[in-house]
Amino acid sequence: MTATHSHVRTCGRFAALCAASLVFGLAAAADKKSPVKPAAAAQPAHDYSKDELHLLKVQGNIYMLVGAVGNITVQVGKDGVLLVDTGIAPMADKVIAAYRSLSDRPLRYIVNTHLHADHTGGNETVAKSGMTVAGGNVVSDIGASAANQAQVVAFQTVLDHMSGADGKDKPTPQGSWPTETYTTPERHIYFNDEGVQIIHIPNAHTDGDSMVFFRKSDVISTGDLFVTNRYPIVDLAHGGNIQGVIAALNKIIDIAIPADLQEDGTLIIPGHGRLCDVADVVFYQEMVTIIRDRVQDMINKGMTLEQVQAAKPTRDYDPRYGASSGMWTTEQFVAAVYKSLSPKK
Ligand SMILES: [Zn+2]
């Protein structure tokens with residue numbers, strides 16, 4: 001129950017923090033009239049020193065770490081520790097303490113699901129608490145300093161944004177950048193006696209999203225490709241698109257095998273919100289698809305964004321997912337869907 005309690009408190013903070021990361025992207029894309037308004041950035045800074053993390057055993061080798069704004073996935077076993085995301089920067093020491101409470105073996109890998117600071121903010125501190133899997137020639141090849149930290153794996157565009165190589169974003173400190181990127185549809189790691197499938201979904205929440213499938217434990221860690229507490233966030237300024245979000249949800253449903261009467265089946269750790277099973281993702285996918293189709297229909301009729309917003313294509317889902325204030329309002333979501341579907345001029 002503590003995890004649920006923590007989750008509730010986390011949502012409020014997520015509002016302020018994720019606004020900061022989206023506003024950051026907005027600065028570069030202001031001329032594109034991004035729907036994200038910077039108003040939420042004016043909220044007072046949250047004091048994280050009293051915040052606690054909560055560990056939830058999921059199944060197999062996998063734990064879910066809640067309370068660092070973005071959810072963190074922890075895989076432990078004989079080879080060491082692998083984390084999916086590192087949460088916000090101020091919680092990094094607590095993230096280290098949490099994974100060490102599960103294992104005295106070294107942290108070897110961090111996988112970043114995307115660039116946002118509520119998922120990568122702890123990278124520098126947390127990576128330095130670990131060490132790379134390397135021996136003999138490999139150590140001399142990659143250099144001693146690189147071996148003295150965990151490898152940070154992400155899709156190439158995450159590094160492009162974080163390093164400022166995209167020519168738009170202000171660089172984050174170099175120690176927070178991914179150390180190993182991939183550009184193929186998938187990257188595979190065999191770790192702790194299981195295949196770990198890192199799957200890239202093009203242009204969805206951002207242009208650099210990965211979801212991580214732990215094949216033996218039967219758990220999928222989705223990053224912000226799937227969240228349970230709001231409409232999907234589409235970061236248009238970083239290449240996001242609602243069609244990619246739907247593709248991601250379809251991919252989760254494709255991989256996952258639902259529960260029978262005895263077992264839980266595949267479990268899904270969202271970027272924000274509570275632990276889910278496949279049925280939860282199916283419900284969410286249907287909701288997003290229905291709204292996408294309604295907005296497409298209105299675009300086909302020649303309606304403007306203002307007319308589409310006034311027609312409230314999300315109305316029946318608003319009690320559960322809608323917001324009239326905060327970092328991701330219903331209005332902003334509808335605008336993101338509209339812009340995703342509108343032909344580029
Ligand atoms: Zn995000």
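Two residues count as in contact here if their C-beta atoms, placed from the backbone, lie within 7 Å. With that in hand, take the contacts in the chain with a separation of 6 or more: residues 24 or more positions apart account for 65% of them. Keep in mind that this is a predicted model.

How confident is the predictor? The average pLDDT for the chain is 86, and 82% of the residues score at least 70. Residues 1-40 are the stretch to treat separately: pLDDT is below 50 there, though the model still gives this stretch 67 contacts beyond near neighbours in sequence.

As for the overall make-up, the chain has 345 residues, and 49% of them are buried. Its secondary structure comes to 12 helices and 13 strands.

Now for the sheet. Seven strands form an open sheet with mixed pairing, running in the order E1-E2-E3-E4-E5-E6-E7. Strands E1 and E7 sit at the edges, and each has a single partner strand, so one side of each has no neighbour in the sheet. Going from one strand to the next, the twist averages 20 degrees.

Inside the sheet, E5 and E6 pair in the parallel sense over 3 bridges. Ile-110 is the residue to look for if you want to find this pairing on screen: Val-152 in E6 stands opposite Ile-110. In general, strands of a sheet pair through backbone hydrogen bonds, either parallel or antiparallel.

| E1 | 54-59 |
| E7 | 180-182 |

Definitions and conventions
Residues numbered from 1 in each chain as written. Predicted model: local features only at pLDDT ≥ 70, side-chain atom pairs only at ≥ 80, totals over all residues. pLDDT = per-residue confidence, 0-100. Helix = DSSP H or I, 4+ residues; strand = E, 2+ residues; numbered from the N terminus. Buried ≥ 20, exposed ≤ 12 C-beta atoms within 10 Å, placed from the backbone. Pairing = 2+ DSSP bridges. Axes fitted to C-alpha atoms, helices over the stretch in contact; angles between N-to-C directions.
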